[in-house]
Amino acid sequence: MAFSCLRRWWCQRAFLVCLCWLAAQLFRPLDGAGNLLTSFEVQHGYIYPPAVTVAEGEVMHLRLLVPMQEGDRCLYREPGSPTDIDVHGGDNGSSRSRTNKLLRFGDAECSIRVNPVHRRDGGFWRLTLVRGTERIRGVTMVDVIERPAVPEIGAGGSGTPVSSLDEISPERTEYCFVQRQSSMEGGVGDGVVVPMYERCHLPLSETDPTGAGVWSVIAGVQGQMREMSYGIHIENKEEQIVTAVDKELDYHVLSCTLRYTKLMLKFCRFVRLADGLGLNVVPGIGTPRYGYIGAGFERNECGLEILGPEGLDKGTWKCLLGYGDEALTKVSGAIVDNSDTSPPLAIVGRDVTATAQNGTTASLLCNANKPIDYCWFRGPHGQFYSLSESLTHGDGAPYWYSGIALSMGECGITFATLVDGEHAGRWHCYVGNGHVSALEVSASFQVRISPSQIISPAGDRVEAVLGFPALLGCDSIPRGTPLQYCRFVTPAGEAFSLNENVTTERPVLGRFYSNPNHNLAKGSCSLVIAAVREEDFGQWICAGKIEGHPVEHIYGVLLHNRDDGGPSGGEDEDPTATGGTLSAASISGMVIGALAVVGGAVAVGYWQFRKRLHRQTVAANEEVQMRTMEERPRISVLSTSISEGSSSTTNSQTAL
């Protein structure tokens, strides 16, 4: 312990001694020069500048802030060198010519000029003023950097246009002036140039929000005296996703790259349209067949690698990208076609019937298997609804576009208020892609609107036959909203509730039980009548309470006897309204039709079989006879033909 303290004391004492000696050497007074410690130059440092950053290839100036007198000498020492060199060539003058270092012209100070500066010149430089036996020294830290380069952009408007979001500043920019070239050509008064510091940016305004056009940039950069001047061509580009497909023998790569944005990728999802398979594509995580490929989310690249692609993999996929910052997250996507053959433009995944509650906000969807340029809807009364991604909810319009993007083939329309008298009926959806086909593709679907938040999926009227089963039901709106319970009221006034426990083994009133597809958790309430009776015909009530609602909702369904002939109430019969019917006539018709189809198929098959058997028999006989003829002596056939003439020919044909 005592030895440690003694050693620490000697170290501190030695450090103080060295510090005092260094101060004495640096600030020794010169004969006749007075006390330099009180002069202005010494208070601000002997050497100027004390540190300098210079670009490679530039000229560097260093000097001591002490005037030289007659007889004084000026020495310099390069970084890493143990030798002082006289700038006048008195000591080791050959080094001055080798490194091209000269006394600064027009100055009576100890100074040096380095021309040009190389990368090896970085480090500590020392200047020493020698006056008799006295010396004044100064040290400068020199940092040599690479020569700044013009950003890789379209110079003077002749190169490739760049987005206004791209960086237009050179590295280590200290100040910058940006002005339109048209303003510069038109005169000084046409444009106002405002200096910018540390980086260049476009001086945008309300009258020029995009900055599209040709600009001139003048920038001062660190380490270089000459200013940098260049032109840029700005083309305003919106955020977009660029897709690509790379197919190899044993693997496929589907890639989506986000461009023209300062936001960074947060997540990437691939969805296979054929079966809805979704993949959370993350770097470093995968399955035996699927994995991430790309340069990383930092570069906004997301790629899906498929090893041994087969079956549904060789089809259409969707990629969805989430990107943003701490305060914002945006979602966009694109369609990636991995098919061996290009399928035609088609509308996929649509519902035959859409349901909504009267007077509420509702959406109608119509998706395509390829990117689309536009889409529109036609209502049941001939209304036209044209859509675009710029038509949003905040515009105050009665309807707007709903979907992620047209580039994903998604076309949706949301109505602020869906009204029964105006919107119920048959709709048509149209999509177009001019790069695929000049013809638009359309599809139709039915829209049914309910006064409450539940509705019958089979329609307002269900056909039934006496003594046969029938199916009734109601679903929640929106579809899939869970039901706490559901119940039915018969035309005779009998009421009962329905759940999954009411089965064929445990029916209500001996003949009412739940449809196997009945699922309250998915908003479906469905009843099977084992055998319809006369008192079952009439108005049924389906009621249910949706989770989170204070009261239940009610919907009426008419069970109509098909044997009565014409439609009830004098209304035209809707062919879609008989979907829940189970009648004797339909069953008998289906049986007779099935027997006819089977009988016809058997008859046709038997005829084809006999015909094929006859052809095979004839071919076999011909083959046997040909072999018999080949086995006979060929010369005898020829001699018979010559001697017997036409009779031999007839016999030969008969044998064949």
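**Values and definitions**

Q: Where is the place of Val139?
A: Val139 sits in strand 9, which covers residues 134–145. Helices (H or I, at least four residues) and strands (E, at least two) are DSSP runs, numbered from the N terminus. This is a predicted model, in which local features need pLDDT of at least 70 and side-chain atom pairs count only at pLDDT 80 or more, while totals for chains, interfaces and linings use all residues. Residues are numbered from 1 along each chain as its sequence is written, and side-chain values use heavy atoms, with hydrogens and water left out.

Q: Why is Val139 called partly exposed?
A: Buried means under 20% relative accessible area, exposed means over 50%, and partly exposed is in between (1.4 Å probe, protein chains only). Val139 has a relative accessible area of 43%, and therefore Val139 counts as partly exposed.

Q: What makes Phe124, Val139 and Met141 a nonpolar patch?
A: Patches are made of residues with over 30% relative accessible area and no salt bridge, where like charges are joined within 9 Å and nonpolar side chains (Val, Leu, Ile, Met, Phe, Trp, Tyr) within 5 Å. Phe124, Val139 and Met141 form such a patch on the surface, with about 290 Å² of accessible area together. Accessible areas come from the Shrake-Rupley method with a 1.4 Å probe, and for residues only the protein chains shown count as cover.

Q: Which residues does Val52 touch, not counting residues up to four places away in sequence?
A: Contact means heavy atoms within 4.5 Å. Val52, in strand 2 (residues 51–55), touches Met60, Leu62, Thr140, Met141, Val142 and Asp143 when residues up to four places away in sequence are not counted. The C-alpha atoms of Val52 and Leu62 are separated by 9.2 Å, and the two residues are 10 residues apart along the chain.

Q: What makes the meeting of Glu410 and Lys318 a salt bridge?
A: A salt bridge is a side-chain nitrogen of Lys or Arg within 4 Å of a carboxyl oxygen of Asp or Glu. The side chains of Glu410 and Lys318 meet at 3.2 Å, N to O, and this pair is a salt bridge. Glu410 lies in strand 28 (residues 410–418) and Lys318 in strand 20 (residues 316–324), so the pair ties together parts that are 92 residues apart in sequence.

Q: Are Glu410 and Lys318 buried or exposed?
A: Glu410 has a relative accessible area of 15% and is therefore buried. Lys318, at 9% relative accessibility, also counts as buried.

Q: How do you know that Arg487 and Glu552 form a salt bridge, and where do they lie?
A: Their side chains meet at 2.6 Å, N to O, in a salt bridge. The pair links distant parts of the chain, with Arg487 in strand 34 (residues 483–489) and Glu552 in the loop between strand 38 (538–546) and strand 39 (553–561), 65 residues apart. Arg487 has a relative accessible area of 28%, so Arg487 is partly exposed, and Glu552, with a relative accessible area of 23%, is partly exposed.

Q: How many salt bridges does the structure hold?
A: The structure holds 21 salt bridges. Among the residues involved, Arg272, Asp275, Arg289 and Asp313 are linked in a network.

Q: Why is the pair of Cys74 and Cys110 called a disulfide?
A: A disulfide is a pair of cysteine sulfur atoms within 2.5 Å. The sulfur atoms of Cys74 and Cys110 are 1.8 Å apart, and the two residues form a disulfide. Cys74 lies in strand 4 (residues 73–77) and Cys110 in strand 7 (residues 109–114), so the pair ties together parts that are 36 residues apart in sequence. At 0% relative accessibility Cys74 counts as buried, and Cys110 is buried with a relative accessible area of 0%.

Q: Why is the disulfide of Cys486 and Cys525 called right-handed?
A: The sulfur atoms of Cys486 and Cys525 are 2.0 Å apart. The torsion about the S-S bond is about 70°, so the disulfide of Cys486 and Cys525 is right-handed.
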